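Try each task yourself, then read the solution.

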Amino acid sequence: MGRGNMFGQMANDRYASFDFDRMRKYRLARAKAAMKEFGIDLLITWDAWDVRYLTSSYVTIPTRWLEANFCVLPIDGDPYLFNATSFESSSIRRELPWLNGKAYPRPMTTKLTFGPEGVQPLVNKVLEIMEENHMGKDIVIGLDGCTSELDYQVAFGAHGIKVKDGKECMFHARSIKNEDEIACIRMACDIADAAFHDIQKSIHPGVRECELVGIGMNRLYALGADECQEFVCASGPRTNPMHIDFTDRIVCPRDLVAVDINGASYMGYKTCYYRTFCCGKASQGQKDAHKIARDMLYASMEGIKAGNTVADVAEGWPKSPSYWGLDNWGDASGYALSHGIGLSLHEYPMFRPANVLAGDRTVLEEGMTLAVETWYGPKGGDYGVRLEECVVVTKDGYDLMTHYQVDDLIECIW
């Protein structure tokens with residue numbers, strides 16, 4: 001299974017491509033349906049990816065920590081955006097005409113504003129939006145992605161308004177992608193393939209992990225990535241146990257190099273995509289470890305199909321952490337897992353063998369997009385193999401979106 005992306009990256013007058021207007025309408029409808037399901041009448045989200053999901057606006061990376069950018073969505077109304085990719089909201093209104101003029105300067109409330117009194121400026125804005133949308137105070141407000149939830153609960157409570165957590169609601173909304181969202185993820189995977197190619201060509205004795213990350217990121221930006229998150233690039237003994245960062249370690253002959261391009265982002269849609277390389281000729285033990293990790297990965301993917309549960313996927317994974325020579329699932333939690341992939345790196349559903357053994361029976365649905373990842377290395381050894389694929393759940397199985405060579409360990413002969 002598996003087919004490539006049909007689309008080019010540029011708009012074109014002679015064939016259909018990404019339909020972003022269709023995607024915006026689909027996402028807004030999904031969010032409102034989820035709000036109804038979860039009993040939320042008005043949603044406030046500070047989550048950068050949910051703000052983008054609802055408004056197609058971008059919360060820049062440096063401003064995310066402050067939690068000063070947000071969106072308010074009445075269940076029967078348009079989204080209201082409070083964002084600052086420009087210092088003047090008039091320019092945002094021109095750039096985002098689908099918001100129907102509902103883009104405003106941010107109230108002076110941030111993560112550094114403390115107590116119910118401090119969040120009152122935002123509460124006052126929400127009260128104005130409620131009045132504009134003919135909403136009384138007998139509603140439920142969902143709060144998503146805010147560390148000051150308790151302050152907002154007290155502040156809204158003073159007005160007799162109930163609040164609840166809105167994060168689960170939005171994870172469910174985003175879990176089923178339409179054709180345009182899937183096409184964006186495919187494009188992100190395609191540009192990640194190009195980054196892997198550049199990284200593979202650059203693996204030789206003396207190159208540093210951080211250099212390989214820079215080489216990969218350069219290719220992503222050259223091919224249209226709108227942001228790059230930190231790669232994983234672990235080499236040599238840092239692949240066993242597996243480390244999920246990068247350093248300035250120098251790669252040596254016969255080192256394995258495990259790279260996760262979790263930084264490819266096309267129109268906001270991410271990849272989480274591992275391949276493992278060998279600097280030079282691989283030993284038989286390294287090749288055997290790759291085969292074990294690859295077989296484990298594809299055995300679990302056989303369980304992916306609409307209507308199956310996460311337990312069907314877990315059938316392909318080891319049933320005990322002792323498989324990796326470990327005593328508990330906490331230490332082995334990253335060695336076999338799957339998670340949703342979309343605007344954020346980790347989305348619903350997310351599961352591991354321990355979740356399934358504890359009774360998780362989440363049903364897979366057509367249109368879900370998943371990343372599936374496995375690791376294997378000999379206990380006490382100085383090498384390990386990490387692999388990962390991204391797939392779309394279909395009614396008959398899955399559609400593979402990641403296509404970089406995975407059948408055999410990739411040897412980088414300098």
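**Exercise 1.** Where is Leu326 found, and is Leu326 buried or exposed?

*Solution.* This is a predicted model, in which local features need pLDDT of at least 70, side-chain atom pairs count only at pLDDT 80 or more, and totals for chains, interfaces and linings use all residues. Residues are numbered from 1 along each chain as its sequence is written, and side-chain values use heavy atoms, leaving out hydrogens and water.

- Step 1: look in the loop between α12 (310-314) and α13 (329-332), where Leu326 sits. Helices (H or I, at least four residues) and strands (E, at least two) are DSSP runs, numbered from the N terminus.
- Step 2: Leu326 has 16% relative accessibility, so Leu326 counts as buried (under 20% relative accessible area; exposed is over 50%, partly exposed in between, with a 1.4 Å probe and protein chains only).
- Step 3: setting aside neighbours within four places in sequence, Leu326 is in contact with Pro321, Asp331, Ala332, Tyr335 and Lys379 (contact means heavy atoms within 4.5 Å).
- Step 4: Lys379 is 53 residues from Leu326 in sequence, yet their C-alpha atoms are 8.5 Å apart.

**Exercise 2.** Work out how α6 and α7 cross, and which residues meet there.

*Solution.* 

- Step 1: the axes of α6 (residues 120-132) and α7 (residues 149-157) come within 10 Å and cross at roughly 55 degrees. Axes are lines fitted to C-alpha atoms, for helices over the stretch in contact, and angles run from 0 to 180 degrees between N-to-C directions.
- Step 2: α6 and α7 are therefore oblique to each other (under 35 degrees is roughly parallel, over 145 roughly antiparallel, 65 to 115 roughly perpendicular, and the rest oblique).
- Step 3: from α6, Gln120, Leu122, Val123 and Val126 meet Tyr152, Ala155 and Phe156 of α7. By class, that gives six nonpolar, one polar and no charged residues (Ala, Val, Leu, Ile, Met, Phe, Trp, Tyr, Cys and Pro are nonpolar, Asp, Glu, Lys and Arg charged, the others, Gly among them, polar).

**Exercise 3.** Which residues touch the most other members of the largest nonpolar core?

*Solution.* 

- Step 1: pick out Leu54, Leu220, Val259 and Ile261 from the 68 residues of this core (a set of buried Ala, Val, Leu, Ile, Met, Phe, Trp, Tyr and Cys residues joined through side-chain atoms within 4.5 Å).
- Step 2: α9 (residues 179-202) gives the most to this core, with twelve residues.
- Step 3: beyond its neighbours within four places in sequence, Ile261 has contacts including Ala192, Phe196, Leu220 and Tyr273.
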